[in-house]
Amino acid sequence: MAILVNAMSPITSPSPESARKGCGFFSQVPNRHTLSRNNGFSRVLASTQITISPKDGVFSLPNWRSGKNDARTRDLRLNDAFLYLEYMIGKGHKPDVGQATQLMYELCKSSKMRKSTKVMELMISSGTTPDPASCIFLVNNLCKRGNVGYAMQLVEKMEEYGCPTNTVTYNSLVRGLCMHGNLIQSLQFLDKFMKKGLVPNVFTYSFLLEAAYKERGADEAIRLLDEIVAKGGKPNLVSYNVLLTGLCKEGRTEEAIRFFRDLPSKGFSPNVVSYNILLRSLCYEGQWEKAKELLAEMDGGDRSPSIVTFNILIGSLALHGQTDQALQVLNDMVRARFRATAASYNPIVARLCKEGKVDLVVKCLDQMMLRRCNPNEGTYNAIAVLCEEGKAQEALSIIQSLSNKQNSSTHDFYKVVITSLCRKGNTYPAFQLLYEMTKYGFVPDSYTYSSLIRGLCSEGMLDEAMEIFSIMEENDCRPDVDNFNALILGLCKCQKTDVSLMVFEMMVEKGYMPNETTYTIIVEGIAHQEEMELAAAVLGELYLRQVVGRSTLERLVMQYDLEGLPI
(Lines give C-alpha, C1' and ligand atoms only; values in the text may rest on other atoms or scores of the structure.)
Protein backbone atom coordinates (compact mmCIF):
# COMPACT_ATOMS: atom_id res chain seq x y z
CA MET A 1 0.00 0.00 0.00
CA ALA A 2 2.89 2.33 0.77
CA ILE A 3 4.02 2.06 -2.86
CA LEU A 4 0.60 3.21 -4.07
CA VAL A 5 0.25 6.03 -1.56
CA ASN A 6 3.79 7.33 -2.05
CA ALA A 7 3.36 7.15 -5.80
CA MET A 8 0.31 9.36 -5.88
CA SER A 9 1.96 12.69 -5.08
CA PRO A 10 4.23 12.78 -8.14
CA ILE A 11 1.44 11.42 -10.29
CA THR A 12 -0.95 14.24 -9.58
CA SER A 13 1.56 16.92 -10.61
CA PRO A 14 4.62 15.39 -12.28
CA SER A 15 7.67 17.61 -12.60
CA PRO A 16 9.19 18.24 -16.03
CA GLU A 17 12.29 16.42 -14.84
CA SER A 18 10.43 13.23 -13.95
CA ALA A 19 8.58 13.43 -17.25
CA ARG A 20 11.88 13.53 -19.14
CA LYS A 21 12.99 10.34 -17.37
CA GLY A 22 10.11 8.43 -18.93
CA CYS A 23 10.51 6.73 -22.24
CA GLY A 24 7.03 6.89 -23.65
CA PHE A 25 3.44 8.01 -23.58
CA PHE A 26 2.12 10.14 -20.66
CA SER A 27 -1.40 10.94 -19.56
CA GLN A 28 -2.58 12.99 -16.61
CA VAL A 29 -4.79 11.12 -14.18
CA PRO A 30 -8.25 12.67 -14.62
CA ASN A 31 -9.25 14.74 -11.61
CA ARG A 32 -12.40 12.79 -10.83
CA HIS A 33 -14.03 14.99 -8.19
CA THR A 34 -17.08 13.22 -6.86
CA LEU A 35 -20.36 15.03 -7.10
CA SER A 36 -21.57 16.80 -4.00
CA ARG A 37 -25.15 15.90 -3.31
CA ASN A 38 -26.00 19.51 -2.56
CA ASN A 39 -24.35 20.73 -5.76
CA GLY A 40 -26.06 18.01 -7.77
CA PHE A 41 -29.48 18.82 -6.36
CA SER A 42 -28.90 22.54 -6.95
CA ARG A 43 -28.18 21.82 -10.59
CA VAL A 44 -31.39 19.84 -10.88
CA LEU A 45 -33.48 22.68 -9.48
CA ALA A 46 -31.65 25.24 -11.60
CA SER A 47 -32.00 23.34 -14.87
CA THR A 48 -35.52 21.96 -14.57
CA GLN A 49 -38.89 23.33 -13.72
CA ILE A 50 -40.34 20.81 -11.31
CA THR A 51 -43.30 21.35 -9.08
CA ILE A 52 -42.97 19.54 -5.78
CA SER A 53 -46.21 17.71 -5.26
CA PRO A 54 -48.05 17.25 -1.97
CA LYS A 55 -46.82 14.30 0.07
CA ASP A 56 -49.76 12.16 -0.96
CA GLY A 57 -49.10 12.90 -4.64
CA VAL A 58 -46.57 11.51 -7.08
CA PHE A 59 -43.52 13.48 -8.25
CA SER A 60 -41.78 13.31 -11.61
CA LEU A 61 -38.06 12.92 -12.14
CA PRO A 62 -35.94 15.32 -14.23
CA ASN A 63 -35.40 14.14 -17.79
CA TRP A 64 -32.01 12.42 -18.01
CA ARG A 65 -32.40 11.50 -21.71
CA SER A 66 -32.36 15.01 -23.23
CA GLY A 67 -29.27 17.05 -24.11
CA LYS A 68 -25.80 15.86 -25.08
CA ASN A 69 -25.38 12.11 -25.33
CA ASP A 70 -21.68 11.71 -24.48
CA ALA A 71 -20.93 9.31 -21.63
CA ARG A 72 -19.87 11.94 -19.07
CA THR A 73 -22.87 14.24 -19.62
CA ARG A 74 -25.24 11.27 -19.54
CA ASP A 75 -23.72 10.06 -16.27
CA LEU A 76 -24.17 13.51 -14.75
CA ARG A 77 -27.84 13.61 -15.77
CA LEU A 78 -28.41 10.12 -14.37
CA ASN A 79 -26.76 11.19 -11.13
CA ASP A 80 -28.95 14.31 -10.97
CA ALA A 81 -32.09 12.19 -11.37
CA PHE A 82 -30.88 9.77 -8.70
CA LEU A 83 -30.11 12.60 -6.22
CA TYR A 84 -33.50 14.17 -6.83
CA LEU A 85 -35.25 10.82 -6.26
CA GLU A 86 -33.33 10.30 -3.03
CA TYR A 87 -34.09 13.83 -1.81
CA MET A 88 -37.81 13.73 -2.58
CA ILE A 89 -38.39 10.30 -1.05
CA GLY A 90 -36.45 11.49 2.00
CA LYS A 91 -39.03 14.31 2.29
CA GLY A 92 -41.87 11.77 2.25
CA HIS A 93 -42.95 12.00 -1.39
CA LYS A 94 -43.68 9.06 -3.72
CA PRO A 95 -42.02 8.69 -7.14
CA ASP A 96 -43.69 7.93 -10.44
CA VAL A 97 -43.25 4.13 -10.60
CA GLY A 98 -42.54 4.01 -14.33
CA GLN A 99 -39.90 6.74 -14.19
CA ALA A 100 -38.17 5.33 -11.10
CA THR A 101 -38.15 1.86 -12.66
CA GLN A 102 -36.63 3.23 -15.89
CA LEU A 103 -33.98 5.05 -13.86
CA MET A 104 -33.12 1.76 -12.17
CA TYR A 105 -32.78 0.06 -15.57
CA GLU A 106 -30.55 2.85 -16.93
CA LEU A 107 -28.28 2.82 -13.87
CA CYS A 108 -28.03 -0.95 -14.08
CA LYS A 109 -27.11 -0.84 -17.77
CA SER A 110 -24.43 1.73 -16.91
CA SER A 111 -22.98 -0.74 -14.35
CA LYS A 112 -23.94 1.54 -11.47
CA MET A 113 -25.22 -1.37 -9.42
CA ARG A 114 -25.07 0.34 -6.04
CA LYS A 115 -27.25 3.22 -7.24
CA SER A 116 -29.67 0.95 -9.11
CA THR A 117 -30.08 -1.15 -5.94
CA LYS A 118 -30.60 2.04 -3.93
CA VAL A 119 -33.35 3.16 -6.34
CA MET A 120 -35.19 -0.11 -5.72
CA GLU A 121 -34.73 0.24 -1.94
CA LEU A 122 -36.00 3.84 -2.05
CA MET A 123 -39.07 2.83 -4.03
CA ILE A 124 -39.86 0.09 -1.53
CA SER A 125 -39.31 2.33 1.51
CA SER A 126 -41.63 5.00 -0.01
CA GLY A 127 -44.48 2.50 -0.08
CA THR A 128 -44.31 2.11 -3.87
CA THR A 129 -44.67 -1.44 -5.19
CA PRO A 130 -42.09 -2.07 -7.92
CA ASP A 131 -42.93 -4.07 -11.01
CA PRO A 132 -41.96 -7.75 -10.31
CA ALA A 133 -40.12 -7.92 -13.67
CA SER A 134 -37.87 -5.03 -12.63
CA CYS A 135 -37.04 -6.78 -9.35
CA ILE A 136 -36.10 -9.97 -11.20
CA PHE A 137 -34.00 -7.92 -13.65
CA LEU A 138 -32.05 -6.28 -10.83
CA VAL A 139 -31.58 -9.49 -8.83
CA ASN A 140 -30.36 -11.26 -11.99
CA ASN A 141 -27.84 -8.52 -12.74
CA LEU A 142 -26.55 -8.45 -9.18
CA CYS A 143 -26.07 -12.22 -9.23
CA LYS A 144 -24.33 -12.19 -12.63
CA ARG A 145 -21.83 -9.67 -11.27
CA GLY A 146 -21.15 -11.81 -8.22
CA ASN A 147 -23.15 -9.62 -5.82
CA VAL A 148 -25.37 -12.47 -4.56
CA GLY A 149 -25.23 -11.19 -0.97
CA TYR A 150 -26.63 -7.81 -2.01
CA ALA A 151 -29.30 -9.54 -4.09
CA MET A 152 -30.38 -11.62 -1.08
CA GLN A 153 -30.52 -8.50 1.12
CA LEU A 154 -32.65 -6.75 -1.50
CA VAL A 155 -35.14 -9.65 -1.63
CA GLU A 156 -35.32 -9.69 2.19
CA LYS A 157 -36.06 -5.96 2.21
CA MET A 158 -38.78 -6.44 -0.41
CA GLU A 159 -40.46 -9.06 1.77
CA GLU A 160 -40.05 -6.87 4.87
CA TYR A 161 -42.01 -4.09 3.17
CA GLY A 162 -44.66 -6.45 1.81
CA CYS A 163 -43.53 -6.44 -1.83
CA PRO A 164 -44.41 -9.71 -3.56
CA THR A 165 -41.66 -12.20 -4.39
CA ASN A 166 -42.13 -15.37 -6.39
CA THR A 167 -40.36 -18.50 -7.55
CA VAL A 168 -38.73 -16.64 -10.44
CA THR A 169 -37.16 -14.14 -8.02
CA TYR A 170 -35.79 -16.94 -5.85
CA ASN A 171 -34.59 -18.86 -8.90
CA SER A 172 -32.35 -15.91 -9.71
CA LEU A 173 -30.78 -16.20 -6.25
CA VAL A 174 -30.43 -19.98 -6.46
CA ARG A 175 -28.79 -19.64 -9.86
CA GLY A 176 -26.47 -16.91 -8.57
CA LEU A 177 -25.35 -19.07 -5.65
CA CYS A 178 -24.86 -22.07 -7.94
CA MET A 179 -22.84 -20.04 -10.45
CA HIS A 180 -20.40 -19.07 -7.73
CA GLY A 181 -19.89 -22.58 -6.37
CA ASN A 182 -22.14 -22.34 -3.31
CA LEU A 183 -24.13 -25.56 -3.65
CA ILE A 184 -24.62 -26.08 0.10
CA GLN A 185 -25.89 -22.52 0.54
CA SER A 186 -28.13 -23.03 -2.51
CA LEU A 187 -29.75 -26.11 -0.96
CA GLN A 188 -30.22 -24.30 2.36
CA PHE A 189 -31.79 -21.43 0.50
CA LEU A 190 -34.09 -23.86 -1.33
CA ASP A 191 -35.41 -25.17 2.00
CA LYS A 192 -35.94 -21.59 3.16
CA PHE A 193 -38.03 -20.54 0.20
CA MET A 194 -40.07 -23.77 0.25
CA LYS A 195 -40.98 -22.99 3.89
CA LYS A 196 -42.36 -19.69 2.61
CA GLY A 197 -44.81 -21.68 0.52
CA LEU A 198 -43.08 -21.13 -2.79
CA VAL A 199 -42.81 -24.12 -5.10
CA PRO A 200 -39.53 -24.83 -6.97
CA ASN A 201 -39.92 -25.28 -10.71
CA VAL A 202 -37.94 -27.11 -13.37
CA PHE A 203 -35.45 -24.24 -13.65
CA THR A 204 -34.71 -24.42 -9.92
CA TYR A 205 -33.91 -28.12 -10.22
CA SER A 206 -31.76 -27.65 -13.32
CA PHE A 207 -29.62 -24.97 -11.64
CA LEU A 208 -29.08 -27.19 -8.58
CA LEU A 209 -28.33 -30.34 -10.58
CA GLU A 210 -25.81 -28.58 -12.82
CA ALA A 211 -24.06 -27.15 -9.76
CA ALA A 212 -24.09 -30.58 -8.10
CA TYR A 213 -22.35 -32.41 -10.96
CA LYS A 214 -19.83 -29.61 -11.47
CA GLU A 215 -18.92 -29.40 -7.77
CA ARG A 216 -19.33 -33.01 -6.62
CA GLY A 217 -19.73 -35.20 -9.69
CA ALA A 218 -22.58 -36.87 -11.55
CA ASP A 219 -23.32 -39.44 -8.80
CA GLU A 220 -24.05 -36.68 -6.31
CA ALA A 221 -26.28 -34.96 -8.86
CA ILE A 222 -28.22 -38.21 -9.43
CA ARG A 223 -28.68 -38.63 -5.65
CA LEU A 224 -29.96 -35.06 -5.46
CA LEU A 225 -32.47 -35.72 -8.23
CA ASP A 226 -33.70 -38.85 -6.41
CA GLU A 227 -34.20 -36.73 -3.26
CA ILE A 228 -36.11 -34.09 -5.22
CA VAL A 229 -38.45 -36.74 -6.66
CA ALA A 230 -38.88 -38.41 -3.24
CA LYS A 231 -39.95 -35.05 -1.76
CA GLY A 232 -42.61 -34.63 -4.42
CA GLY A 233 -40.61 -32.52 -6.85
CA LYS A 234 -41.44 -32.82 -10.52
CA PRO A 235 -38.34 -32.30 -12.66
CA ASN A 236 -38.70 -32.32 -16.44
CA LEU A 237 -36.55 -33.56 -19.31
CA VAL A 238 -34.18 -30.57 -18.95
CA SER A 239 -33.15 -31.85 -15.50
CA TYR A 240 -32.42 -35.33 -16.87
CA ASN A 241 -30.43 -33.83 -19.76
CA VAL A 242 -28.27 -32.03 -17.18
CA LEU A 243 -27.43 -35.38 -15.57
CA LEU A 244 -26.82 -36.96 -18.97
CA THR A 245 -24.30 -34.16 -19.66
CA GLY A 246 -22.60 -34.81 -16.31
CA LEU A 247 -22.13 -38.53 -17.04
CA CYS A 248 -20.77 -37.82 -20.54
CA LYS A 249 -18.33 -35.17 -19.29
CA GLU A 250 -16.94 -37.71 -16.83
CA GLY A 251 -16.33 -40.12 -19.70
CA ARG A 252 -18.98 -42.57 -18.42
CA THR A 253 -20.55 -43.09 -21.83
CA GLU A 254 -21.90 -46.60 -21.24
CA GLU A 255 -23.68 -45.45 -18.10
CA ALA A 256 -24.95 -42.44 -20.02
CA ILE A 257 -26.43 -44.77 -22.67
CA ARG A 258 -28.26 -46.79 -19.99
CA PHE A 259 -29.49 -43.56 -18.39
CA PHE A 260 -30.66 -42.35 -21.81
CA ARG A 261 -32.50 -45.61 -22.56
CA ASP A 262 -34.18 -45.47 -19.16
CA LEU A 263 -35.76 -42.06 -19.77
CA PRO A 264 -39.09 -43.43 -21.15
CA SER A 265 -39.61 -45.39 -17.89
CA LYS A 266 -39.43 -42.05 -16.09
CA GLY A 267 -42.10 -40.63 -18.37
CA PHE A 268 -39.88 -38.74 -20.82
CA SER A 269 -39.04 -39.19 -24.49
CA PRO A 270 -35.53 -38.01 -25.37
CA ASN A 271 -35.43 -34.87 -27.54
CA VAL A 272 -32.79 -33.60 -29.96
CA VAL A 273 -30.81 -32.11 -27.04
CA SER A 274 -30.68 -35.52 -25.33
CA TYR A 275 -29.51 -37.17 -28.55
CA ASN A 276 -26.87 -34.51 -29.19
CA ILE A 277 -25.41 -34.88 -25.69
CA LEU A 278 -24.93 -38.61 -26.15
CA LEU A 279 -23.92 -38.34 -29.81
CA ARG A 280 -21.09 -35.95 -28.95
CA SER A 281 -19.54 -38.45 -26.52
CA LEU A 282 -19.88 -41.40 -28.90
CA CYS A 283 -18.41 -39.52 -31.86
CA TYR A 284 -15.47 -38.00 -30.04
CA GLU A 285 -14.66 -41.43 -28.59
CA GLY A 286 -14.79 -42.88 -32.12
CA GLN A 287 -17.70 -45.22 -31.38
CA TRP A 288 -19.06 -44.79 -34.91
CA GLU A 289 -21.40 -47.81 -35.05
CA LYS A 290 -23.26 -46.74 -31.90
CA ALA A 291 -23.33 -43.17 -33.22
CA LYS A 292 -24.92 -44.40 -36.47
CA GLU A 293 -27.56 -46.33 -34.53
CA LEU A 294 -28.37 -43.20 -32.56
CA LEU A 295 -28.55 -41.06 -35.70
CA ALA A 296 -30.96 -43.56 -37.28
CA GLU A 297 -33.37 -42.90 -34.39
CA MET A 298 -33.36 -39.13 -35.05
CA ASP A 299 -36.16 -39.47 -37.56
CA GLY A 300 -38.42 -36.48 -36.94
CA GLY A 301 -40.38 -34.50 -34.43
CA ASP A 302 -38.53 -33.37 -31.30
CA ARG A 303 -35.52 -35.48 -32.24
CA SER A 304 -34.91 -34.23 -35.79
CA PRO A 305 -31.21 -33.38 -36.36
CA SER A 306 -30.29 -29.73 -35.72
CA ILE A 307 -27.30 -27.66 -36.87
CA VAL A 308 -25.69 -28.69 -33.56
CA THR A 309 -26.03 -32.35 -34.63
CA PHE A 310 -24.26 -31.67 -37.93
CA ASN A 311 -21.49 -29.64 -36.26
CA ILE A 312 -20.88 -32.48 -33.76
CA LEU A 313 -20.44 -34.92 -36.65
CA ILE A 314 -18.19 -32.55 -38.61
CA GLY A 315 -16.00 -31.73 -35.60
CA SER A 316 -15.56 -35.33 -34.48
CA LEU A 317 -14.83 -36.65 -38.00
CA ALA A 318 -12.23 -33.91 -38.54
CA LEU A 319 -10.66 -34.66 -35.14
CA HIS A 320 -10.19 -38.28 -36.19
CA GLY A 321 -8.65 -37.27 -39.54
CA GLN A 322 -11.69 -38.10 -41.66
CA THR A 323 -11.84 -34.73 -43.42
CA ASP A 324 -13.45 -36.05 -46.63
CA GLN A 325 -16.37 -37.47 -44.64
CA ALA A 326 -16.56 -34.24 -42.60
CA LEU A 327 -16.86 -32.21 -45.81
CA GLN A 328 -19.54 -34.60 -47.05
CA VAL A 329 -21.56 -34.10 -43.86
CA LEU A 330 -21.12 -30.33 -44.23
CA ASN A 331 -22.49 -30.49 -47.78
CA ASP A 332 -25.38 -32.68 -46.57
CA MET A 333 -26.13 -30.05 -43.94
CA VAL A 334 -26.30 -27.29 -46.59
CA ARG A 335 -28.58 -29.45 -48.77
CA ALA A 336 -30.82 -29.92 -45.73
CA ARG A 337 -31.19 -26.10 -45.75
CA PHE A 338 -29.08 -25.45 -42.68
CA ARG A 339 -26.77 -22.47 -42.97
CA ALA A 340 -23.11 -23.39 -42.50
CA THR A 341 -21.10 -21.09 -40.22
CA ALA A 342 -17.41 -20.61 -39.46
CA ALA A 343 -17.90 -23.03 -36.55
CA SER A 344 -18.80 -25.72 -39.14
CA TYR A 345 -15.64 -25.16 -41.20
CA ASN A 346 -13.06 -24.46 -38.48
CA PRO A 347 -12.50 -28.09 -37.33
CA ILE A 348 -11.89 -29.16 -40.96
CA VAL A 349 -9.48 -26.26 -41.57
CA ALA A 350 -7.60 -27.09 -38.34
CA ARG A 351 -7.22 -30.75 -39.30
CA LEU A 352 -6.07 -29.97 -42.84
CA CYS A 353 -3.53 -27.52 -41.39
CA LYS A 354 -2.29 -30.16 -38.96
CA GLU A 355 -1.75 -32.48 -41.93
CA GLY A 356 0.05 -29.68 -43.81
CA LYS A 357 -2.37 -29.82 -46.75
CA VAL A 358 -2.12 -26.14 -47.69
CA ASP A 359 -3.88 -26.46 -51.07
CA LEU A 360 -6.88 -28.15 -49.46
CA VAL A 361 -6.96 -25.50 -46.71
CA VAL A 362 -7.16 -22.77 -49.37
CA LYS A 363 -9.88 -24.68 -51.23
CA CYS A 364 -11.91 -25.17 -48.04
CA LEU A 365 -11.63 -21.48 -47.10
CA ASP A 366 -12.64 -20.47 -50.64
CA GLN A 367 -15.79 -22.59 -50.34
CA MET A 368 -16.43 -21.09 -46.93
CA MET A 369 -16.21 -17.52 -48.28
CA LEU A 370 -18.33 -18.46 -51.32
CA ARG A 371 -21.06 -19.55 -48.90
CA ARG A 372 -20.76 -16.17 -47.15
CA CYS A 373 -19.29 -17.60 -43.96
CA ASN A 374 -16.98 -14.94 -42.61
CA PRO A 375 -13.90 -16.20 -40.74
CA ASN A 376 -13.80 -15.72 -36.98
CA GLU A 377 -11.29 -16.17 -34.16
CA GLY A 378 -11.62 -19.93 -34.44
CA THR A 379 -10.65 -19.73 -38.12
CA TYR A 380 -7.47 -17.77 -37.42
CA ASN A 381 -6.50 -20.18 -34.66
CA ALA A 382 -7.15 -23.10 -37.01
CA ILE A 383 -4.87 -21.58 -39.67
CA ALA A 384 -2.20 -20.98 -37.00
CA VAL A 385 -1.89 -24.79 -36.66
CA LEU A 386 0.26 -24.51 -39.81
CA CYS A 387 2.86 -22.67 -37.69
CA GLU A 388 3.17 -25.76 -35.48
CA GLU A 389 3.93 -27.74 -38.64
CA GLY A 390 6.73 -25.35 -39.67
CA LYS A 391 4.62 -23.55 -42.28
CA ALA A 392 4.37 -20.03 -40.85
CA GLN A 393 4.94 -18.44 -44.27
CA GLU A 394 2.09 -20.43 -45.79
CA ALA A 395 -0.14 -19.47 -42.84
CA LEU A 396 0.60 -15.78 -43.42
CA SER A 397 -0.09 -16.14 -47.15
CA ILE A 398 -3.54 -17.57 -46.37
CA ILE A 399 -4.23 -14.79 -43.85
CA GLN A 400 -3.22 -12.16 -46.43
CA SER A 401 -5.62 -13.76 -48.90
CA LEU A 402 -8.49 -13.62 -46.38
CA SER A 403 -7.71 -9.96 -45.69
CA ASN A 404 -7.86 -9.13 -49.40
CA LYS A 405 -11.14 -10.99 -49.90
CA GLN A 406 -12.74 -9.04 -47.06
CA ASN A 407 -11.38 -5.71 -48.29
CA SER A 408 -9.81 -5.17 -44.86
CA SER A 409 -6.89 -2.94 -43.96
CA THR A 410 -3.92 -5.33 -43.83
CA HIS A 411 -2.53 -3.66 -40.71
CA ASP A 412 -5.85 -3.87 -38.84
CA PHE A 413 -6.43 -7.45 -40.01
CA TYR A 414 -3.00 -8.51 -38.74
CA LYS A 415 -3.77 -6.96 -35.37
CA VAL A 416 -7.05 -8.89 -35.16
CA VAL A 417 -5.30 -12.17 -36.02
CA ILE A 418 -2.50 -11.70 -33.44
CA THR A 419 -5.04 -10.71 -30.76
CA SER A 420 -7.26 -13.71 -31.60
CA LEU A 421 -4.35 -16.15 -31.25
CA CYS A 422 -3.17 -14.65 -27.95
CA ARG A 423 -6.70 -14.72 -26.54
CA LYS A 424 -6.98 -18.45 -27.25
CA GLY A 425 -3.62 -19.36 -25.72
CA ASN A 426 -1.75 -19.69 -29.03
CA THR A 427 0.90 -17.11 -28.21
CA TYR A 428 3.86 -18.98 -29.75
CA PRO A 429 2.19 -19.23 -33.19
CA ALA A 430 1.29 -15.55 -32.78
CA PHE A 431 5.00 -14.71 -32.44
CA GLN A 432 5.83 -16.87 -35.45
CA LEU A 433 3.24 -15.10 -37.58
CA LEU A 434 4.29 -11.71 -36.25
CA TYR A 435 7.87 -12.41 -37.35
CA GLU A 436 6.63 -13.18 -40.86
CA MET A 437 4.37 -10.11 -40.87
CA THR A 438 7.26 -7.79 -40.04
CA LYS A 439 9.04 -8.97 -43.21
CA TYR A 440 6.19 -7.35 -45.17
CA GLY A 441 6.44 -4.04 -43.33
CA PHE A 442 3.99 -4.65 -40.49
CA VAL A 443 5.01 -2.61 -37.43
CA PRO A 444 3.39 -3.81 -34.18
CA ASP A 445 1.73 -1.04 -32.22
CA SER A 446 0.93 -0.70 -28.52
CA TYR A 447 -2.33 -2.66 -28.90
CA THR A 448 -0.52 -5.59 -30.52
CA TYR A 449 2.15 -5.63 -27.81
CA SER A 450 -0.55 -5.57 -25.11
CA SER A 451 -2.16 -8.62 -26.75
CA LEU A 452 1.18 -10.46 -26.65
CA ILE A 453 1.71 -9.49 -23.00
CA ARG A 454 -1.75 -10.76 -22.06
CA GLY A 455 -1.21 -13.97 -24.03
CA LEU A 456 2.14 -14.72 -22.36
CA CYS A 457 0.71 -14.02 -18.91
CA SER A 458 -2.30 -16.27 -19.53
CA GLU A 459 0.12 -19.10 -20.36
CA GLY A 460 2.16 -18.43 -17.20
CA MET A 461 5.19 -17.03 -19.07
CA LEU A 462 5.59 -13.99 -16.84
CA ASP A 463 9.30 -13.37 -17.41
CA GLU A 464 8.73 -13.45 -21.16
CA ALA A 465 5.82 -10.99 -20.75
CA MET A 466 8.11 -8.56 -18.93
CA GLU A 467 10.75 -9.02 -21.63
CA ILE A 468 8.29 -7.54 -24.15
CA PHE A 469 9.10 -4.09 -22.75
CA SER A 470 12.77 -4.52 -23.70
CA ILE A 471 11.74 -5.65 -27.19
CA MET A 472 9.53 -2.58 -27.55
CA GLU A 473 12.36 -0.23 -26.60
CA GLU A 474 14.74 -2.00 -28.99
CA ASN A 475 12.23 -1.36 -31.77
CA ASP A 476 11.72 2.31 -30.81
CA CYS A 477 8.15 1.60 -29.65
CA ARG A 478 7.77 3.29 -26.30
CA PRO A 479 5.54 1.45 -23.83
CA ASP A 480 2.40 3.22 -22.69
CA VAL A 481 0.11 2.89 -19.69
CA ASP A 482 -2.04 0.26 -21.45
CA ASN A 483 1.03 -1.99 -21.85
CA PHE A 484 1.78 -1.65 -18.15
CA ASN A 485 -1.87 -2.30 -17.29
CA ALA A 486 -1.81 -5.50 -19.39
CA LEU A 487 1.25 -6.74 -17.50
CA ILE A 488 -0.08 -5.74 -14.06
CA LEU A 489 -3.39 -7.48 -14.80
CA GLY A 490 -1.61 -10.63 -16.01
CA LEU A 491 0.53 -10.74 -12.86
CA CYS A 492 -2.50 -10.25 -10.60
CA LYS A 493 -4.39 -13.06 -12.38
CA CYS A 494 -1.39 -15.32 -11.70
CA GLN A 495 -1.60 -14.45 -7.99
CA LYS A 496 1.61 -12.39 -8.26
CA THR A 497 0.25 -9.17 -6.78
CA ASP A 498 3.57 -8.51 -5.02
CA VAL A 499 5.37 -8.53 -8.39
CA SER A 500 2.62 -6.37 -9.91
CA LEU A 501 3.32 -3.74 -7.23
CA MET A 502 7.01 -3.80 -8.17
CA VAL A 503 6.05 -3.23 -11.81
CA PHE A 504 3.78 -0.39 -10.69
CA GLU A 505 6.65 1.19 -8.77
CA MET A 506 8.94 0.91 -11.80
CA MET A 507 6.22 2.43 -13.96
CA VAL A 508 5.98 5.47 -11.68
CA GLU A 509 9.76 5.84 -11.42
CA LYS A 510 9.94 6.05 -15.21
CA GLY A 511 7.45 8.90 -15.16
CA TYR A 512 4.39 7.02 -16.46
CA MET A 513 0.98 8.08 -15.25
CA PRO A 514 -1.12 5.24 -13.81
CA ASN A 515 -4.78 5.71 -14.65
CA GLU A 516 -7.95 4.59 -12.92
CA THR A 517 -7.72 1.20 -14.65
CA THR A 518 -4.24 0.64 -13.16
CA TYR A 519 -5.44 1.26 -9.63
CA THR A 520 -8.59 -0.81 -10.14
CA ILE A 521 -6.53 -3.80 -11.34
CA ILE A 522 -4.31 -3.63 -8.25
CA VAL A 523 -7.25 -3.42 -5.82
CA GLU A 524 -8.89 -6.41 -7.54
CA GLY A 525 -5.60 -8.32 -7.42
CA ILE A 526 -5.40 -7.78 -3.65
CA ALA A 527 -9.05 -8.83 -3.25
CA HIS A 528 -8.50 -12.02 -5.30
CA GLN A 529 -5.82 -13.01 -2.80
CA GLU A 530 -8.44 -12.80 -0.03
CA GLU A 531 -6.83 -9.70 1.53
CA MET A 532 -10.16 -7.90 1.87
CA GLU A 533 -9.16 -5.50 4.66
CA LEU A 534 -6.08 -4.40 2.72
CA ALA A 535 -8.10 -4.08 -0.50
CA ALA A 536 -10.64 -1.88 1.31
CA ALA A 537 -7.90 0.26 2.85
CA VAL A 538 -6.13 0.77 -0.48
CA LEU A 539 -9.39 1.53 -2.29
CA GLY A 540 -10.44 4.02 0.40
CA GLU A 541 -7.12 5.85 0.17
CA LEU A 542 -7.25 5.94 -3.64
CA TYR A 543 -10.77 7.33 -3.54
CA LEU A 544 -9.81 10.05 -1.05
CA ARG A 545 -6.95 11.05 -3.34
CA GLN A 546 -9.44 11.22 -6.23
CA VAL A 547 -7.64 8.80 -8.54
CA VAL A 548 -10.61 6.42 -8.65
CA GLY A 549 -14.14 7.62 -9.26
CA ARG A 550 -17.25 6.96 -7.23
CA SER A 551 -18.70 4.47 -9.72
CA THR A 552 -15.49 2.40 -9.49
CA LEU A 553 -15.61 2.59 -5.69
CA GLU A 554 -19.23 1.40 -5.63
CA ARG A 555 -18.60 -1.44 -8.09
CA LEU A 556 -15.60 -2.80 -6.19
CA VAL A 557 -17.31 -2.50 -2.80
CA MET A 558 -20.29 -4.47 -4.06
CA GLN A 559 -18.31 -7.02 -6.06
CA TYR A 560 -15.93 -7.95 -3.23
CA ASP A 561 -18.16 -7.05 -0.27
CA LEU A 562 -15.59 -4.58 1.08
CA GLU A 563 -16.47 -2.91 4.37
CA GLY A 564 -15.88 0.46 5.96
CA LEU A 565 -16.02 2.56 2.79
CA PRO A 566 -18.16 5.67 2.13
CA ILE A 567 -20.87 4.54 -0.29
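A word on the model. It is predicted, so to speak of a local feature we need pLDDT of at least 70, side-chain atom pairs count only at pLDDT 80 or more, and totals for chains, interfaces and linings use all residues. Residues are numbered from 1 along each chain as its sequence is written, and side-chain values use heavy atoms, with hydrogens and water left out.

Start with the whole chain. It has 32 helices and two strands. Those are DSSP runs, numbered from the N terminus: helices are H or I with at least four residues, strands E with at least two. The chain has 567 residues, and 49% of them are buried. Buried means under 20% relative accessible area, with a 1.4 Å probe and protein chains only. Now contacts, meaning heavy atoms within 4.5 Å. Take those between residues at least 6 apart in sequence: 65% join residues at least 24 apart.

Next, a helix pair. Helix α6 spans residues 113-125, and helix α7 spans 132-144. They pack at about 150°, axes 11 Å apart. The axes are lines fitted to C-alpha atoms over the stretch in contact, and angles run from 0 to 180 degrees between N-to-C directions. So α6 is roughly antiparallel to α7, a label for angles over 145 degrees. Who makes the contact? From α6, Met-113, Ser-116, Thr-117 and Met-120; from α7, Ser-134, Cys-135, Leu-138, Asn-141 and Leu-142.

Both helices come back at α32, residues 550-560. Its buried residues are Thr-552, Leu-553, Glu-554, Leu-556, Val-557, Met-558 and Tyr-560. Their cover includes α6, α7, α8, α30 and α31. Just after α32, Asp-561 takes a positive phi of about 55°.

Now Thr-309. It lies in helix α17, residues 307-319. Is Thr-309 buried or exposed? Buried, because its relative accessibility is 1%. Leaving out residues up to four places away in sequence, Thr-309 touches Val-272, Asn-276, Leu-279, Leu-295 and Met-298.

Last, the cysteines. Cys-364 counts as buried because its relative accessibility is 5%. Cys-283 is buried too, at 0%.

Technical notes. Buried < 20%, exposed > 50% of the residue type's maximum accessible area, 1.4 Å probe, protein only. Parallel < 35°, antiparallel > 145°, perpendicular 65-115°, else oblique.
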